[in-house]
Amino acid sequence: MPTILWLTDWSDMNSTLDSLALLGLGISSFVLITGCANMLLMAALWGLYMSLVNVGHVWYSFGWESQLLETGFLGIFLCPLWTLSRLPQHTPTSRIVLWGFRWLIFRIMFGAGLIKIRGDRCWRDLTCMDFHYETQPVPNPLAYYLHHSPWWFHRFETLSTHFIELLVPFFLFLGRRACIIHGALQILFQAILIVSGNLSFLNWLTMVPSLACFDDATLGFLFPSGPGSLKDRVLQMQREIRGARPKPRFGSVVRRAANVSLGILLAWLSVPVVLNLLSPIQVMNTHFNSLHIVNTYGAFGSISKERTEVILQGTASPSASAPDAVWEDYEFKCKPGDPSRRPCLISPYHYRLDWLMWFASFQTYEHNDWILHLAGKLLASDAEALSLLAHNPFASRPPPRWVRGEHYRYKFSRPGGRHATEGKWWVRKRIGAYFPPLSLEELRPYFRDRGWPLPQPL
């Protein structure tokens, strides 16, 4: 697993991780503010993020981590070797890089379409959208109202999804106009997904390779005209290139060689990806190399038909089984908990813990040992763990003596119904225990067996 962390001091890993993140933030802020980038800066950003992804384990196991790395890797080759200029000369955009981005958006969308058709039956009988808005990882306020749309609207949504993901990707290969239509439809589709759910930065990121579908003539109206304007300078550069054959520069030669090497690399690494797309046992969101350069993608191959949530609770009672024990809920920043709390709106931000709690609700705590690690942190009122939550019922009080996980079934309340008039967005019903009441002392051997330091109460 290639990562810069192999070369760093492991004695203070928190500071090391913070340093990598701050360095990446500094470089990307420079690129964003100045509008200048070169291959060296873009390669540094890609290497820094890859270093985090390759050690992030379950916390960086989401498909868009690999998608961001592949997008960033292609972005390296859009830039001059070392020149820093908002409009660098002698560095025309390589067709290889443009087709690299187009190949990326084709795999993202077509892979997502295939995994649906081959996956859950509800995609074939057009009923998946009856459940999606309610059961998606982190619903937003609009999802509440979309869930209650008429049945025919949900059928239309599902058919439109199949059209966008299975047919529209082939527009890329049908000439300029079809390619432009492809780009416009994909960006519109991603915008709809953004406003209807909190899918992290996935949809924002998926818009990026779609930009490769538009040429200068298509995007020209976005930029000012007139003498000295950006559009005027680009036209002048194009006239100079047509009028004379510029003498090859060292940086240009290196960049051209890098682009040809990129094309060969992408073709070679695409072989297992294409075989996976053609396979009846297609897998999604998988990388076939540790550099995350050419990956396979997909989303929502199966749709949950009901929503379940794990609710973490604590009590200060000396006995967890006492009838008078008062159990109080911990609230997360975005995932459903209190039925009266309005669904959040956080895209493109990514609350990783909230997402993992959604995945954990489909399994048992034995499959997610990190959730007991979190329980131990809560028993000690660990400040870093509590910073990931929205509400700590034991704030300004001693830590809880016991923490447990309860399993609930959640459904959106019906607009105008009794629960909605009471101000509740959700209706929930207890299923049973997710994990039993645990004390810090009972977790001691569990932590020791895994080599985890036992949290100490403050």
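1. Strands β7 and β8. In this predicted model, strand β7 (residues 402-412) and strand β8 (residues 426-438) pair in the antiparallel sense. Nine bridges join the two strands.

2. Strands β3 and β7. β7 also pairs with strand β3 (residues 307-315), again in the antiparallel sense. This pairing runs over nine bridges. Here Gln 313 stands opposite Arg 404 of β7.

3. Cover over β7. How many of the residues of β7 are buried? The count is nine of 11, and the strand is mostly covered.

4. Helices α15 and α18. Helix α15 covers residues 370-379 and helix α18 covers residues 440-449. The two pack with their axes 10 Å apart, at an angle of about 140°. That angle makes α15 oblique to α18, because it does not pass the cut-off for roughly antiparallel, which is over 145 degrees. The crossing of α15 past α18 is left-handed.

5. Who makes that contact. From α15 come Leu 372, His 373, Ala 375, Gly 376 and Leu 379. From α18 come Leu 440, Leu 443, Tyr 446 and Phe 447. By class, seven of the residues in the contact of α15 with α18 are nonpolar and two are polar. None is charged.

6. Burial of α15. Eight of the 10 residues in α15 are buried, so the helix is largely enclosed by the rest of the structure. The buried set is Trp 370, Ile 371, Leu 372, Leu 374, Ala 375, Gly 376, Leu 378 and Leu 379. After α15 comes Ser 381, with a positive phi near 50°.

7. Helices α3 and α4. Helix α3 (residues 63-76) packs on helix α4 (residues 95-118) at about 165°, and their axes are 10 Å apart. α3 is therefore roughly antiparallel to α4, as the angle is over 145 degrees. α3 and α4 cross in the left-handed sense.

8. Who makes the α3 and α4 contact. α3 contributes Gln 67, Glu 70, Thr 71, Leu 74 and Gly 75. α4 contributes Val 97, Gly 100, Phe 101, Leu 104, Arg 107 and Ile 108. Which classes do these residues fall into? Five are nonpolar, four are polar and two are charged.

9. His 182. This residue lies in helix α9 (residues 176-196). Is His 182 buried or exposed? Its relative accessibility is 0%, so His 182 counts as buried. Setting aside neighbours within four places in sequence, His 182 touches Ile 105, Val 168, Pro 169, Phe 171, Leu 172 and Cys 213. Phe 171 is 11 residues from His 182 in sequence. The C-alpha to C-alpha distance between His 182 and Phe 171 is 5.8 Å.

10. The chain as a whole. The protein chain holds 18 helices and eight strands. Its C-alpha trace spans about 90 × 60 × 45 Å along the principal axes. Of the 458 residues, 49% count as buried. Take the contacts between residues at least 6 apart in sequence: 72% of them join residues at least 24 apart.

Technical notes. Residues numbered from 1 in each chain as written. Predicted model: local features only at pLDDT ≥ 70, side-chain atom pairs only at ≥ 80, totals over all residues. Heavy atoms only, no water. Axes fitted to C-alpha atoms, helices over the stretch in contact; angles between N-to-C directions. Helix = DSSP H or I, 4+ residues; strand = E, 2+ residues; numbered from the N terminus. Parallel < 35°, antiparallel > 145°, perpendicular 65-115°, else oblique. Left-handed = near helix turned anticlockwise from the far one by under 90°. Contact = heavy atoms within 4.5 Å. Nonpolar A, V, L, I, M, F, W, Y, C, P; charged D, E, K, R; others polar. Buried < 20%, exposed > 50% of the residue type's maximum accessible area, 1.4 Å probe, protein only. Pairing = 2+ DSSP bridges.
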